[in-house]
Amino acid sequence: MAVPGMKTIRRVRDSVFSRERNREDLTKGIAHFYDRSSKLWEDVWGEHMHHGYYIPADRTDHQQAQIDLIDEVLKWANATEAKNVVDVGCGIGGSSRHIAKKFDCAASGITLSPYQAARGNELAKEQGLDSKVNFQVANALNMPFEKDSFDLIWSLESGEHMPDKAKFVNELIRVTAPGGRIIVVTWCHRDLEPSETGLTKKEDKLLAKINRAYYLPRWCSVNDYVDLMKSEGLTDIRRDDWSHIIAPFWRAVIKSSLNLKSVYGLLKSGFSTIRGAYAMLLMLRGFDKGLIKFGLITATKPADN
């Protein structure tokens with residue numbers, strides 16, 4: 001029989017020592033975190049739950065910068081059209097709806113958060129897109145879609161949540177139609193030098209603190225993603241580092257969290273959201289030190305696959 005309060009004591013201990021969570025705790029934690037924090041984010045930043053495109057670096061139209069990021073990533077990946085898109089880790093569906101309108105295509109989004117899926121469908125209906133855009137609760141490591149279902153795979157800032165990167169890439173490939181394009185934009189740690197076998201202890205410690213706040217598993221590098229895609233036979237593989245392009249974003253988010261509306265929203269949203277707000281400072285430190293990279297990877301599934 002468990003001693004009353006022991007679960008809380010273990011949770012506090014694990015947080016203090018930034019201990020790694022198991023896969024079940026990650027899945028539940030991610031859903032809970034976004035169930036509690038998504039409304040606050042939308043109230044302050046709107047429907048797009050991702051970084052912005054800061055060229056020029058001093059731009060202050062932050063919500064437009066987020067929309068521009070979608071368009072610039074599509075342009076970078078040479079994605080000019082699509083018939084059926086899946087948004088893997090869709091948030092409240094901002095990217096899905098934007099791409100559906102841009103390409104006049106169908107879009108399906110998946111998220112672990114029931115709140116996000118429901119809100120995404122609400123917004124699709126409000127915007128007159130419910131006939132072509134839909135959202136559901138599903139796990140990206142076991143997607144509820146048939147193989148070869150989509151000609152464009154879109155994963156914007158969700159790959160970092162995947163505890164099994166190889167399984168994640170395999171699932172993306174499975175649901176991609178032959179000739180279809182995969183686009184992954186994700187937080188990564190820096191590529192290792194040829195003489196290195198891992199990150200430094202200080203770097204691991206910083207990432208471990210961020211992991212506890214954002215319910216993340218161990219990180220990987222952009223090069224790790226490229227190697228996985230090569231091993232699975234994908235072609236036209238390209239990569240880039242846009243860390244400098246999104247750099248002003250975190251300072252803007254931190255600044256926005258200091259007004260009374262945001263502070264009240266944080267207190268109302270609970271401990272996990274407050275801890276996530278604190279972790280923004282850790283993310284900023286990681287970006288500034290060159291440890292955290294905003295990585296872009298795109299590839300094509302061979303037409304004869």
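**Stop 1: helix α8**

Select residues 222-231, helix α8. Helices here are DSSP runs of H or I with at least four residues, strands are runs of E with at least two, and both are numbered from the N terminus. V222, Y225, V226 and M229 are buried in α8. Buried means under 20% relative accessible area, exposed means over 50%, and partly exposed lies in between, with a 1.4 Å probe and protein chains only. Look down the axis of α8: its buried residues fall within an arc of 100 degrees, so they line one face of the helix. That arc is taken from the directions that run from the helix axis to the C-beta atoms.

Now show what covers these residues. The cover includes α6 (165-175), β5 (176-189), β6 and β7 (292-300). Contact means heavy atoms within 4.5 Å. Then step past the helix to G233, which follows α8 and has a positive phi, near 85 degrees.

A note on the model: it is predicted, so local features need pLDDT of at least 70 and side-chain atom pairs count only at pLDDT 80 or more, while totals for chains, interfaces and linings use all residues. Residues are numbered from 1 along each chain as its sequence is written, and side-chain values use heavy atoms, with hydrogens and water left out.

**Stop 2: the whole chain**

Zoom out and colour by secondary structure. The protein has twelve helices and seven strands. Of its 305 residues, 53% count as buried. Among contacts with a separation of 6 or more, residues 24 or more positions apart account for 77%.

**Stop 3**

Select the strands. They form an open sheet of seven, in the order β3-β2-β1-β4-β5-β7-β6, with mixed pairing. Two strands pair if DSSP finds at least two bridges between them. Which strands stand at the edges? They are β3 (133-137) and β6 (235-241); each has a single partner strand, so one side of each is left without a neighbour in the sheet. Neighbouring strands are turned by 15 degrees against each other on average, direction ignored.

Next, pick β1 (residues 84-88) and β4 (residues 150-156). These two pair in the parallel sense over three bridges.

Axes are lines fitted to C-alpha atoms, for helices over the stretch in contact, and angles run from 0 to 180 degrees between N-to-C directions.

**Stop 4**

Select E157 and S158. Both E157 and S158 sit in the loop between β4 and α6. E157 has phi near 60 degrees, a positive value in a residue other than glycine. E157 is buried, at 12% relative accessible area. S158 is buried too, at 4%. Leaving aside neighbours within four places in sequence, S158 is in contact with V88, G89 and V185.

**Stop 5**

Go to I210 in helix α7. Its relative accessibility is 0%, so I210 counts as buried. What does I210 touch, leaving aside its neighbours within four places in sequence? The contacts are L216, W219, L282, M283 and I292. Draw the C-alpha to C-alpha distance from I210 to M283: 7.1 Å in space, for residues 73 apart in sequence.

Move on to Y215, in the loop between α7 (201-214) and α8. Phi of Y215 is positive, near 55 degrees, in a residue other than glycine. Y215 counts as buried at 9%.

**Stop 4: two cysteines**

Select C188 and C220. A disulfide is counted when two cysteine sulfur atoms lie within 2.5 Å. The count comes to zero disulfides. C188 is in no disulfide: the nearest cysteine sulfur is that of C220, 4.8 Å away. C188 is buried at 0%, and C220 counts as buried at 9%.

**Stop 5: a cis peptide**

Finish at I55 and P56. A cis peptide bond joins them, with omega about 5 degrees. P56 lies in the loop between α2 (23-45) and α3 (62-76).
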